[in-house]
Amino acid sequence: QVQLQESGPGLVKPSQTLSLTCTVSGDSITNNGYYWNWIRQSPGKGLEWMGVMTFGGITYYAPALKNRTSISRDTSKNQFTLQLSSVTPEDTGVYFCTRGPNLATSLYWGQGTQVTVSS
């Protein structure tokens, strides 16, 4: 059974870069056929897909966040990381890492981590 666990700072100051790590167990992030996503939910809003890294290491980003978002991975630790630059209070929310069989589907979710952007 694959498990995902997000980690990172709960509080980030405006204009700084948010960095979150997803640690995966029970599966390899290089396993053929899976896609590793970052999704967030801001207060009063629905789920927002931010970006994905494929099993081959290729990344895709949501157009609205493309200029501020970067996803990378450390295969030796079986982790993938989200970086979101120039954060504002609107980036406050719960951030999830997920695994899916394609770009449009997330079947396994981490528990989520709360991030607050505030000075």
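Predicted model: local features only at pLDDT ≥ 70, side-chain atom pairs only at ≥ 80, totals over all residues.
**Entry 1. Burial and overall form**

I began with burial: buried residues make up 40% of the 119 residues in the protein chain. I take buried as under 20% relative accessible area, exposed as over 50%, and partly exposed as in between, with a 1.4 Å probe and protein chains only. Residues are numbered from 1 along each chain as its sequence is written, and side-chain values use heavy atoms, with hydrogens and water left out.

I looked up the surface next. The accessible surface of the protein chain is about 6,100 Å², and 48% of that belongs to carbon and sulfur atoms. These areas come from the Shrake-Rupley method with a 1.4 Å probe, and for residues only the protein chains shown count as cover.

For overall form I noted a box of roughly 40 × 25 × 25 Å, taken along the principal axes, that the C-alpha atoms fill. The radius of gyration of the protein chain is 13 Å, which agrees with the value near 14 Å that a compact globule of 119 residues would have. The radius is taken over C-alpha atoms, and the globule rule is 2.2 Å times the number of residues to the power 0.38.

**Entry 2. Elements**

How many helices and strands does the protein chain have? I found zero helices and 11 strands. Both are DSSP runs numbered from the N terminus: helices are H or I with at least four residues, strands are E with at least two. Read from the N terminus, the order is β-β-β-β-β-β-β-β-β-β-β.

I also checked contacts along the chain, contact meaning heavy atoms within 4.5 Å. Among those between residues at least 6 apart in sequence, 53% join residues at least 24 apart.

**Entry 3. The core**

I then went to the largest nonpolar core, which has 22 residues. Such a core is a set of buried Ala, Val, Leu, Ile, Met, Phe, Trp, Tyr and Cys residues joined through side-chain atoms within 4.5 Å. The members that touch the most other members are Leu 4, Leu 18, Val 24, Trp 38, Phe 80 and Tyr 95. Two or more residues come from each of strands E3 (18-25), E4 (35-41), E5 (47-54), E8 (79-84), E9 (93-100) and E11 (113-117). Strand E3 gives the most, with four residues.

**Entry 4. The disulfide**

I counted one disulfide, a disulfide being a pair of cysteine sulfur atoms within 2.5 Å. Which residues does the disulfide join? It is Cys 22 to Cys 97, with S to S at 2.1 Å. The link is right-handed, with 70 degrees about the S-S bond. It ties distant parts of the chain, as Cys 22 is in strand E3 and Cys 97 is in strand E9, 75 residues apart. Cys 22 is buried at a relative accessible area of 0%, and Cys 97 is buried at 0%.

Thr 81 is in strand E8. Is Thr 81 buried or exposed? I read a relative accessible area of 17%, so Thr 81 is buried. Its side chain makes a polar contact with the side chain of Thr 21 at 3.4 Å. A polar contact is a pair of N or O atoms within 3.5 Å; within protein, one must be able to donate a hydrogen and the other to accept it, and residues adjacent in sequence count only if both atoms are side-chain atoms. Leaving aside neighbours within four places in sequence, the contacts of Thr 81 include Ser 19, Leu 20, Trp 38 and Ile 71.

Thr 113 is in strand E11, and at 13% relative accessibility Thr 113 counts as buried. Beyond residues up to four places away in sequence, Thr 113 touches Glu 6, Leu 20, Gly 93, Val 94 and Tyr 95.

Thr 59 lies in strand E6 (residues 59-61) and is partly exposed, at 27% relative accessibility. With residues up to four places away not counted, Thr 59 touches Val 52, Met 53 and Ile 71.

Most residues other than glycine have a negative phi. Ser 15 is in the loop between strands E2 (11-12) and E3, and is exposed at 59% relative accessibility. Asn 78 is in the loop between strands E7 (69-74) and E8, and is buried, with a relative accessible area of 15%.
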